[in-house]
Amino acid sequence: MKFDYNKQRSYKLPIREKSKISFIDISEILYLQCDGYLTTIYLIDNKNIGVAKLLKQFEEELGKYGFLRANHHTLVNTQHINAIQISKQRRIIYIKEVEIQISRRKFYLFKDSLW
């Protein structure tokens, strides 16, 4: 499945932080990582936003815009992948100098959408 990244430019993700709601361009999101019920959104400009929302909810909302689940804790924007390293034991994505390991079960998603 190939993604149309032009759709990303027209969609803003509403993020609820304490007493305000911010709208973030999804094309500026590099990846999202969760730790329990707290998800951290990593942006292009080196900002991080912590949100009390499950990663599964983000996956359902952003899946049609080119976001794929790399492992149990990480959802990545495939538009920002710089490289993929494949060896017998590990499969790693590089996004802006950050290494994110791809689980064995999720690698086929990246293979189908990026090649």
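The legends below describe close-up views of a predicted model. Local features need pLDDT of at least 70 and side-chain atom pairs count only at pLDDT 80 or more, while totals for chains, interfaces and linings use all residues. Residues are numbered from 1 along each chain as its sequence is written, and side-chain values use heavy atoms, with hydrogens and water left out.

**View 1. The largest nonpolar core has 17 residues.** A nonpolar core is a set of buried Ala, Val, Leu, Ile, Met, Phe, Trp, Tyr and Cys residues joined through side-chain atoms within 4.5 Å; buried means under 20% relative accessible area with a 1.4 Å probe, protein chains only. Ile-15, Ile-29, Leu-32, Ile-41, Phe-58 and Phe-67 touch the most other members. Apart from this core lies another, of twelve residues, including Phe-107 and Phe-110.

**View 2. Tyr-11 and Tyr-65 form a stacked aromatic pair.** Rings of Phe, Tyr and Trp (its six-membered ring) pair if their centres lie within 6.5 Å, and planes under 30 degrees apart count as stacked. Here the centres are 4.7 Å apart, with 15 degrees between the planes. Tyr-65 is buried, at a relative accessible area of 13%.

**View 3. Tyr-31 and Tyr-42 are also stacked.** The distance is 4.5 Å centre to centre and the planes make 20 degrees. Tyr-31 counts as buried, at 6% relative accessibility.

**View 4. The charged end of Arg-91 sits over the ring of Phe-107.** The criterion is NZ of Lys or CZ of Arg within 6 Å of the ring centre and within 35 degrees of the ring normal. For Arg-91 the distance to the ring centre is 5.2 Å. Lys-53 lies over the face of Phe-58, 4.6 Å from the ring centre.

Methods. Buried < 20%, exposed > 50% of the residue type's maximum accessible area, 1.4 Å probe, protein only. Phe/Tyr/Trp six-rings, centres within 6.5 Å; stacked < 30°, edge-to-face > 60°.
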